[in-house]
Amino acid sequence: MQPERPEERPPSDLQGYAVLLRTLNSEINRIAHAFAQAHGLHATDVHALAAIMDASALDGEPMTPSRLRERLNLTSGAVSACLDRLERAGHINRARDSADRRVVHLHYNPGARTLARQYFSPLARGTEAARRRFTPEQLETVAEFLQALNHELAAERRDPPRARSAR
């Protein structure tokens with residue numbers, strides 16, 4: 001892909017990437033906050049829904065309350081309150097694991113998933129329009145970059161700098 005305007009040139013330094021990532025994050029958050037407001041949810045609830053929806057794709061396992069707590073860096077009480085709101089609103093259900101009844105799996109309800117898909121369709125359309133501007137090889141590089149970035153950020157979440165400096 002050749003840039004159409006100077007501001008579309010790839011960044012040459014970390015600051016340029018940071019600006020692009022913050023801009024992307026702001027746009028996604030704008031849509032997520034609008035969805036939350038339209039459906040009487042907290043912003044944290046939308047983050048929880050995304051984590052529940054993506055859990056199987058990320059590691060092949062359904063989300064559990066304890067993994068959600070770790071993922072969102074919330075207290076157990078905050079996770080319980082969030083899950084109660086999401087369940088009352090019909091977005092999720094909780095199901096006990098058949099092998100170990102102590103384990104609770106969180107599932108995104110199909111009707112709620114359809115509702116979210118409709119609401120987030122501008123994000124999907126924008127993503128698809130942007131994808132069409134790149135070759136399959138370029139998209140592979142973009143995906144590799146995003147996977148590496150997610151891996152690095154997940155490592156920071158598991159071992160935050162304040163914990164490392166206390167050693």
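**Labels and the numbers behind them**

Me: Let's start with Tyr 119. Why is Tyr 119 called partly exposed?

Reply: The model is a predicted one, to be clear. Tyr 119 has a relative accessible area of 30%. Buried would need under 20% and exposed over 50%, so Tyr 119 lands in between and counts as partly exposed.

Me: What makes the pair of Tyr 119 and Phe 120 edge-to-face?

Reply: The ring centres are 6.2 Å apart, with the planes at 65 degrees. Pairing asks for centres within 6.5 Å, and edge-to-face for planes over 60 degrees apart, so that pair is edge-to-face.

Me: How many aromatic pairs turn up in the whole structure?

Reply: A search finds 4. Among them is Tyr 17 with Phe 145, centres 5.9 Å apart.

Me: Why is the pair of Tyr 17 and Phe 145 called tilted?

Reply: Their planes sit at 35 degrees. Stacked is under 30 and edge-to-face over 60, so this pair is tilted. Tyr 17 belongs to helix α1 and Phe 145 to helix α7 (residues 136–158), so the pair ties together parts 128 residues apart in sequence. Tyr 17, at 35% relative accessible area, is partly exposed, and Phe 145 is partly exposed too, at 39%.

Me: And Gln 118: how do you know whether it is buried or exposed?

Reply: Gln 118, in helix α5, has a relative accessible area of 56%.

Me: Now the helices. How do you know how α1 and α2 are oriented to each other?

Reply: α1 (residues 14–38) and α2 (residues 43–59) pack at about 110 degrees, axes 8 Å apart. The range for roughly perpendicular is 65 to 115, so that's what they are. On the α1 side, the residues in contact include Phe 35 and His 33; on the α2 side, they include Val 46 and Leu 49. By class, the contact has 6 nonpolar, 3 polar and no charged residues.

Me: What makes up the largest nonpolar core?

Reply: That core has 24 residues, and Ile 52, Leu 68 and Leu 106 have the most contacts inside it. α2 gives the most, with 6 residues. Leaving aside neighbours within four places in sequence, Leu 106 is in contact with residues including Ile 52, Leu 68 and Leu 83.

Definitions and conventions
Residues are numbered from 1 along each chain as its sequence is written. This is a predicted model: local features need pLDDT of at least 70, side-chain atom pairs count only at pLDDT 80 or more; totals for chains, interfaces and linings use all residues. Side-chain values use heavy atoms; hydrogens and water are left out. Axes are lines fitted to C-alpha atoms, for helices over the stretch in contact, and angles run from 0 to 180 degrees between N-to-C directions. Helices (H or I, at least four residues) and strands (E, at least two) are DSSP runs, numbered from the N terminus. Angles under 35 degrees count as roughly parallel, over 145 as roughly antiparallel, 65 to 115 as roughly perpendicular and the rest as oblique. Contact means heavy atoms within 4.5 Å. Ala, Val, Leu, Ile, Met, Phe, Trp, Tyr, Cys and Pro count as nonpolar, Asp, Glu, Lys and Arg as charged, and the others, Gly among them, as polar. A nonpolar core is a set of buried Ala, Val, Leu, Ile, Met, Phe, Trp, Tyr and Cys residues joined through side-chain atoms within 4.5 Å. Buried means under 20% relative accessible area, exposed over 50%, partly exposed in between (1.4 Å probe, protein chains only). Rings of Phe, Tyr and Trp (its six-membered ring) pair if their centres lie within 6.5 Å; planes under 30 degrees apart count as stacked, over 60 as edge-to-face and the rest as tilted.
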